[in-house]
Each structure stands twice: as structure tokens, then as C-alpha cells.
Amino acid sequence: MSGATSFHSDLDTSVNGLKKLILTHLKFSLARDPQTATERDWWLATAKTVQGVIVERMMATMAVHSKRDVRRVYYLSLEFLIGRLFSNSLYSAGILDNMTEALKELGLDYEHLRGEEYDMALGNGGLGRLAACFLDSLATLDLPAVGYGIRYQYGLFKQEFRNGYQAETPDDWARFGAPWEIIRPEYQMEINLYGHVENVFDNLGNSIPKWTGCKRIVGIPYDIPVPGYGTNTVNFLRLWESRAHTDFDLEAFNRGGYDEAVHEKNISETISKVLYPNDKTELGKELRLAQQYFFVACSLKDIIRRFFKNHKDWEDFPKKVAIQLNDTHPAVAVVELQRLLHDEHGLPWDTAWGIVTRTFAYTNHTLLPEALERWSTALFHKMLPRHLQIIFEINKRHLEEVEKHWPGDLEKKRTLSLIEEGPQQMVRMAHLSVVGSHSVNGVAELHTRLLKANLFPEFVEFYPGKFNNKTNGIPPRRWLLAANPRLARLITERIGDGWERDLSHLRKLEPLADDRDFQREFMAVKHANKEDLARIIAAECGVTVNPAAMFDVQIKRLHEYKRQHLNLLHILALYRRILQNPDLPIAPRVFIFAAKAAPGYDLAKLIIKAINAVGEKVNSDPRVNGKLKVVFLPNYRVSLAQRIIPAADLSEQISTAGKEASGTGNMKLALNGALTIGTLDGANVEICEEVGRENIFIFGMTVEEVAALREKGYRPQEFYEADEELRAVVDWVGSNYFTPEEPPGILTPLHDNLYHSDPFLCLADFRAYSDCQERVNEAFLDRPRWARMAILNTARMDKFSSDRTIREYAKDVWQLEPCPVP
């Protein structure tokens, strides 16, 4: 599993060569000698050595791309949840074995050393992780690409638990240096914010709008190389850090105004300080919009700079540039490119708009109304006044076309307008993305169907052929090869390599699903991974768990629609059954949670508290007799996911049908041999089709049944009154039983939410979920059956490779051709 193809390198990557390079970096890059070096020094020296091998290939890639004048895709995303790069880089560089041996000869352990790396905390959840996965596949498939985002100083937040409650602390991920970054100050960009618009006369006597009186912000780019696997291609991710146009006011400093002297610097640098600032306040909203405009404005200027190196004719721009909007966060790019082309480069409106709409494509990631961004026109007028004028003009011309299509239909105009009228006039960023793009895609077959039928039906009719599906995927390099080396070795021993770049090879495992020897080997790998995770749980949570128990895992962003509280209700039901019948014949089970809740999402944070409170009670209750444990691992991140996923037996994918766009955690867990319990939601539908209904545990209402229940009028009290066990556990969770040392009523809001509104239908799906869990228990007790099901899940995951997804984007949306680096 060496990874890279043959490449002539000026660096000696033999064992002895790598040792020399590590010692050279230790001495000359870090000013350390082997006697005084810390573990982190050794890791940094080793990382810089790996980076040198990759940068050499990146330079070769850039040279080939420039010489061939390639068409590129530029992937704009507010998040890139990259995680750690050390192991993936070693696999991609093809030097893992030599590096492991070199470290050993230097008296260092590779497994121990890689733990020194901090996760690059540049994302929140699935959106950012998907963006990172796509960059991996783009490079592996030799497709020219650049990712653009923000270099957040603090990323999301570091999560701790204090008395069971989530506490957020800054995650200063680059505090001790980030060896993968290359700062590019020569490509810094200057952008404007605020100001006002004046009409001025040009030299032909025409009145034109001019955006003036602006505050200037500087964007400094940091590049992170993205190597492909089994290829010499290395693309890159460019992240922008905000700086003040004037760092320091010397005049103010000299007159004693020390705070005033750095005021401008502090304000400007706030833009790239934190991912997703709380937008409950107007200042929070302002900062969010500033972040979005800052990174797309810098990125578009950079794209145009690159374009002008080889081209002068704007008609060539859409032929060489494809820009993908990863959800609505970068949607203001549509307006900014129109402004640049029309205002700054003097193109006629229609010519500019034709270029814009041939350049952009938009991926929608959600059906949740709160996630479809809208900004008030008042905020736009304050921060981006010229852009608001352009939005109004785009909307005016757009509605003229709507009028031609549906003459006199005011309701159609209201629905399709970029502006939502009401007490506060709002700009609909999803509508802007649809109108300004030539392609709009969903991320799973069900999601795309609902997108077309429920969210954008009028747009689908207005723009026939624009909407399409691209089911998400994951790269097997990170989520099997690097995350689960034991299983990767077993697979390669049995079917050979090649599966790392073509996941359909895993189908060769299907005949082995009934082989008792292979079943034992497969489950031995799972058990060893569970032993590793048990040690992490003991260290992080202070709870001892049995690796022979079923590891029942729900790891994802904490949100009501993902229904961690439905899982909790089932845990309480099991706990209650065990207390009332100590001889209950169930397999021992460890419920494992990991999730962060948005700082301003009070109910999600209360669910975390409830799970921790129940866990503390259950784990200390001798009556349970080892049959049940509940743990909540803190500070969920990519590197922790890579330890949990290989150890999981059961994957909880239990969102309300119609709410999850796709999910990729479901794919990662199934690829590693975890069985799914889930609703027919998101990509679960397609996973069920691929692995077979007999190898997955499906329960609950379908999208249609959910819609029918809501249409009828959902009353959670009806389900509560009709089910004695459900009634007992809902009341139990809202009582003081699990929080005896705290003031009464701590968990009452969770009870009241379930009893009075239950917006995501936990009570309606509880009995079906509980019954399905009985089937899970029965299957787990039949070890050969469970092993067979687990093997077939791994074997049938080929559809869910991000390489397949990216091939579809390249063919259908970007018209992008591979450009191998010889």
C-alpha cells in the first residue's frame, strides 16, 4: 500500500535518507538536537520531511497544469474539516513503511508520534468533512482543482463537560505551528466592506455607480497541499486570513492612544477569528456576512489573477473556470463576480451575467428552513451597498423572465423572487444560488427528490434540466486505509490491493462472508479496535467498558432532527427493563455518543446534559450488572472519529425521515463493518439498496408517512398516552431522578419539548425504534450471522466512494478532464 506512483525526486526517501532529512529539520528548522528534542519537536521535524516530498510533487503538478493551460474547478466552502494530515500524507507520498522504519531506528514509535498532531479545526460537521473528502478525490483522480476557504484562528470550539454540561473553549489549533501550511503573502488580496454608492460620470459622460468610502481588509493566503493517492498529482487548499489594511496607527500610539493604535487591526482580524460566530445578535449576523464576503471576494480576485496569466478574452473565463458553491455560505460570490465583471472590468450587464451563470454551480445540503440562509436588505445596505443594488437588478430581470413564463401570476413571482417581502425584507441566498448557477444538485437520491418536489418545485419547472443528483461519498484512503489499518491489511491479504482507488474491488469479499475462518479474522479485527477505543473511553470518561459488548455508536452534530434524544429514550427503556427483570436476556451494550452542539442551541445542549446525567447514573448502578454503559466522549473531531468508527458494531442513523440530506457518517461506519439502524432518510435509502434489506435494520415512518401525520395534525400526547413504557421514560427523563444534586426542573424543558411539541416525531417513532432494537439484539447474539452481515456491509460500499461522486461532478457539471502528472 505504498500509494504514490513513480516520481523522480531530488529527496532521498530511503530509510537512511528519511532519517537524515528528519535530523536536518530538527537542527535547522527547529534549532533542536536529538538530546533536547521533545516528542512534538520530533513530530514537527518528521512532518516537515513529509511535507518536503509532497511540495516537490505539488510544484511539478502546478508546472504541468500551467503548461497545459488546464480547466480547473474552484471549490468554495466556508468549512474544510480536514482533521489530521500526517498519516494520510505518508500513505499518499508512498513512504509510510520507510518512515516507520526510519523513526524506529531513531528510537521513535510512529503510532505514538502521530498522536502529537492537532486536528485542523476548520469545520463543524458533514459539510466541512465532505469538502475535505472531495479535495482528496479530486487529487486522486488527477483533476485540476483548488479549494478556497477561511483560515480560522480558533475553528469551531473545544468541547469540555462541566457537571455534564457542554462548555466551549477556544480551539487554538495552530498554537504550536502548522507544518502543512505555506504562507503566500505575495498573493494577498484587498477587499472592501461598508461604505456607500455614489453616481459618478465616466469619461464618456455616462453616469455609473461607484462604491466608495469603504473599509479595506487584506486577505493573506495560506496554502495546504492536497496529495492524491496512487498518483503524482498534488492540488492545494487556499485559506484566507484577514488582516487590517493598516496594522498600526503610529500617530495614535505616540499620543498615548495605545488601544486606538491597534483598534483597526483587532476589528479586521476578527473576520477570520472564529468559525460560525453566534448570530443571535445583529453584530453576530454582521460578522457572519463579513466572513462570507471576505473569503469569496479574495478567492474571486485570485481566480481572475490566475486566469489573466494566460488569457485576455473574458469569453474564455467559463471555459477555464468552474466554481462550485458548497451550500449557500458562498452564494454572495454570484453577486461579487457580476460586480467585478460589470463595474470593474466594464463588461455589459448581459455579457457579464452570461459568464456568471456559465461559471457557477450550486450544491444544496439541507431542507431545513433555518439552514437556508437569508440576510436582511438593511444588513446588505450597511455592509455591501453596491451588491444590494446588483441583487435588486438581478431580481428585476429574473422576475421579467418569470412574467413571460407565467403572465400575471403574482404568486409565482413572490415564490421565485430573490427578495422575501415581510416586516423585514430579506435576501434569499438559496434562490440567488439557483438563479446564478447552471447546475443545482442535491446530495442523495431522496434529498434531491424532496429538493425538487418540496423546496424548489417552481424553479424546477422554470429551469428544466438544471437540477440533478450527486450522492455524497467518502474517500477510502482516510476512512479505511488510514483509520482502520488492521482491517485494511486483512482485506489486502485476501483480495490484493487496488481497492484504495477502486472500491468496487471490495465486492471480492462477498464470497468470504460465509467463510467461518474469515468471519473470525474479521471480528478479531473489530475486537482489537474495540479494545483500543475502550482504553480511550477509560482515559477520557473514566468509565471501564467491556470490548465484548456491542458498541452502539451515534456520532454526529447534536441537533434535534438527528434525534440523539430518541436514542436516550431507548436507553432509559432498556435500563428500566433491566431494573425490573435482572435476568433480561440481552447482549451487553455500550452506548457511545460524541457530538458538539452549537453554542446558542439551548435544547441541544440540554440533551447533552441529559445523556451525561443518565450515563452517570447507569454506569454506577450495580443492578445493571455490566449489561449497559453510556459514555459521551468529549470534543468530537475527525481524529476521534477515526478511532470510534473502526470499533463500532452498530451505527445509529435515526433522523426523522426527510430531514437528513445525505449523511456520510453512515457510509464511514458501514465501510468499517458496522451495521446500520436507521430510518429511510438521506443516504440510508441507498445504503439499504446496496447492502440488502436483510443486512440493515430499518424502522420508522417514511417521508410520506411523516407528511401524512403532519397533515393530519401531530399530537405527541396521543403516543405518550397509548404506550406505558414510553410514558414512563418521558416522565423519568424530565424528573430529578438523574440530577438529584441540582435544582429541581433541570431537565424539565426536554420533557416538555417531547410532550407538547416533539417537532421531530421521537414519540411517534419510539415503538418502531424499540422493536427494531430487539431485532438488533437478536442478531448480535447470533455471532456468525452478525459477522456475515458486517462483512457484506464492507463489501458493498463501493457506490459510496467520493471518487465516484467526483467523477459524476467532473462529467456532468464541471466538464473537467484528468491531467496526470508524468
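Guide: One term to start: buried means under 20% relative accessible area, and exposed means over 50%. Also, this is a predicted model.

Visitor: Okay. Is Lys562 buried or exposed?
Guide: Lys562 has 7% relative accessibility, so it counts as buried.

Visitor: Where does Lys562 lie?
Guide: In a loop. Strand 18 (550-555) is on one side and helix 23 (564-580) on the other.

Visitor: And what does Lys562 touch?
Guide: Leaving out residues up to four places away in sequence, Lys562 touches Gln554, Lys556, Arg557, Ile654, Ser655 and Glu660.

Visitor: Zooming out, how much of the protein chain is buried?
Guide: Buried residues are 61% of its 822 residues.

Visitor: How many helices and strands are there?
Guide: The protein chain has 34 helices and 23 strands. Its radius of gyration is 27 Å, close to the 28 Å from the globule rule for 822 residues, so the chain is as compact as a globular protein of that length.

Visitor: New topic: the second largest pocket. How much space lies in there?
Guide: About 1,400 Å³. Helices giving two or more residues to the lining include helix 3 (86-93), helix 22 (516-541) and helix 25 (638-644).

Visitor: Which residues lie nearest the centre of that pocket?
Guide: Arg84, Ser87, Glu111, Arg114 and Arg643, out of 49 lining residues.

Visitor: What's the lining like by class?
Guide: The second largest pocket is lined by 20 nonpolar, 13 polar and 16 charged residues.

How values were computed:
Residues numbered from 1 in each chain as written. Predicted model: local features only at pLDDT ≥ 70, side-chain atom pairs only at ≥ 80, totals over all residues. Heavy atoms only, no water. Helix = DSSP H or I, 4+ residues; strand = E, 2+ residues; numbered from the N terminus. Buried < 20%, exposed > 50% of the residue type's maximum accessible area, 1.4 Å probe, protein only. Contact = heavy atoms within 4.5 Å. 1 Å grid on protein atoms, 1.4 Å probe; cavity = no way out; pocket = protein on both sides within 12 Å on 5 of 7 lines; lining within 4 Å. Points joined across faces, edges and corners; volume = space filled by probe spheres on them. Nonpolar A, V, L, I, M, F, W, Y, C, P; charged D, E, K, R; others polar. Rg over C-alpha atoms; globule rule 2.2 N^0.38 Å.
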